[in-house]
Amino acid sequence: MTTVDLRSDTVTQPTAAMRAAMLAAPLGDDVFGDDPSVNALQDALAERLGFAAALFMPTGTQSNLCALMSHCQRGDEYIVGQFAHTYRWEGGGAAVLGSIQPQPLNHQTDGSLLLADIAANIKPDDAHFARSRLLTLENTIGGKVLPLSYLAQASTLALQHGLARHLDGARLFNAAVAGAGAAGGDAYAAARAITAHFDSVSVCFSKGLGAPVGSVLCGSVDFIQRAHRWRKMLGGGMRQAGVLAAAAHYALDHQVARLADDHALAQRLAAGLQGLVGVTVEAPQTNIVFVDLSPEVAGDKAKGLMDHLKSRGVLATGLYRLRFVTHLDVDTAGVDRAAAAMREYFS
Ligand SMILES: *Cc1c(COP(=O)(O)O)cnc(C)c1O
């Protein structure tokens, strides 16, 4: 039986063309700065997102950590969402390794942080308080796209208070492709419309873009120099990394616009899950479908669900709040199988 793996968009296998690009990549020693494939990727992403410099990183976690440590000093704080990856899912690295205090805020239902909450949590310059230094947002967040008007307002607020602005854009291109209509269908222009509101952005290539490994951090030349020092210290200085950068570069050139297919499959899955008793489907904006089970079905019935799905060749995550993520290796038949397995279980 074939399996459709909807646990995450990180599970994709590199395509044959991507593997060919990896094999053909010219390589050097990136710690000496002379891996041409790494340099080409960094230059391409910086240029396409409107930044002066960029740095290839092994993971998004390290990329965000280097960003936070490059924006903030010991005793500074960053304002961040309660469910943001940089706060909740990175092992507390900013605090542990950077001596940077998080100021987490609750999210609104659209994933944003209320501007009034941000303003109220920027501390005055007083020895009692950590120094408020940075605002960190995430887009997409939980599969939701932050509105451009919101990004503009949050950015203005940050600048008024002297805060730097970092975007965890692990899924930046999902947000860009979802909003590309307003940018004349140009996903890169749509991405720039987002990144224009930030001093730095981290983009994952190992999510929906479909590369096996890697993230890229973008920012000013000074900022990237500081991040480069932290990356070395954190053990992220890689040698013939061009073999990985070539995969990411292939994804950047060939697998951005196709994210629209993943979004369409998420819509199809959500539609296929409508009308089940005790099951509430959140309308997906990009490639993630969240499904909440009501308390009546959430008990024992929920506990057997993942095994049932697995027996039908469907992998997902969650217990009472299920998560189905579409990606490069999912097709129409796969999402239809997932919907059918859910219908079978809840009918
Ligand atoms: C996946 C992800 C990251 C980085 O994760 P790594 O597994 O370290 O590459 C960062 N932020 C968000 C929002 C993510 O989804």
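My entries on a helix, its packing and the salt bridges follow.

**Entry 1, ground rules.** I am working from a predicted model, in which local features need pLDDT of at least 70 and side-chain atom pairs count only at pLDDT 80 or more, while totals for chains, interfaces and linings use all residues. Residues are numbered from 1 along each chain as its sequence is written, and side-chain values use heavy atoms, with hydrogens and water left out.

Helix α12 covers residues 259-272, 14 residues in number, and reaches 20 Å from its first C-alpha to its last. That is close to the 20 Å expected at 1.5 Å a residue, the expected span being 1.5 Å times one less than the number of residues.

I then asked which residues of α12 are buried. They are L259, D262, H263, L265, A266, L269, A270 and G272, where buried means under 20% relative accessible area, exposed over 50% and partly exposed in between, with a 1.4 Å probe and protein chains only. These buried residues pack against α8 (172-178), β9 (279-281), β10 (288-293), β12 (321-325) and α15 (332-346), contact meaning heavy atoms within 4.5 Å.

I searched the whole structure and noted 14 salt bridges, each being a side-chain nitrogen of Lys or Arg within 4 Å of a carboxyl oxygen of Asp or Glu.

One of them joins D336 to R268, with the closest N and O atoms 2.7 Å apart. This pair links distant parts of the chain, D336 lying in helix α15 and R268 in helix α12, 68 residues apart. D336 is partly exposed at a relative accessible area of 33%, and R268 is partly exposed at 41%.

R321 forms a salt bridge with E282, the closest N and O atoms being 3.1 Å apart. Here strand β12 holds R321, while E282 sits in the loop between β9 and β10, 39 residues apart. I noted R321 as partly exposed at 38% relative accessibility and E282 as partly exposed at 25%. Both residues belong to a network of salt bridges that links K144, E282, D292 and R321.

Last, I checked R165, which forms a salt bridge with D199 at 2.8 Å between the closest N and O atoms. R165 is buried, with a relative accessible area of 10%, whereas D199 is partly exposed at 28%.

Definitions and conventions: Helices (H or I, at least four residues) and strands (E, at least two) are DSSP runs, numbered from the N terminus.
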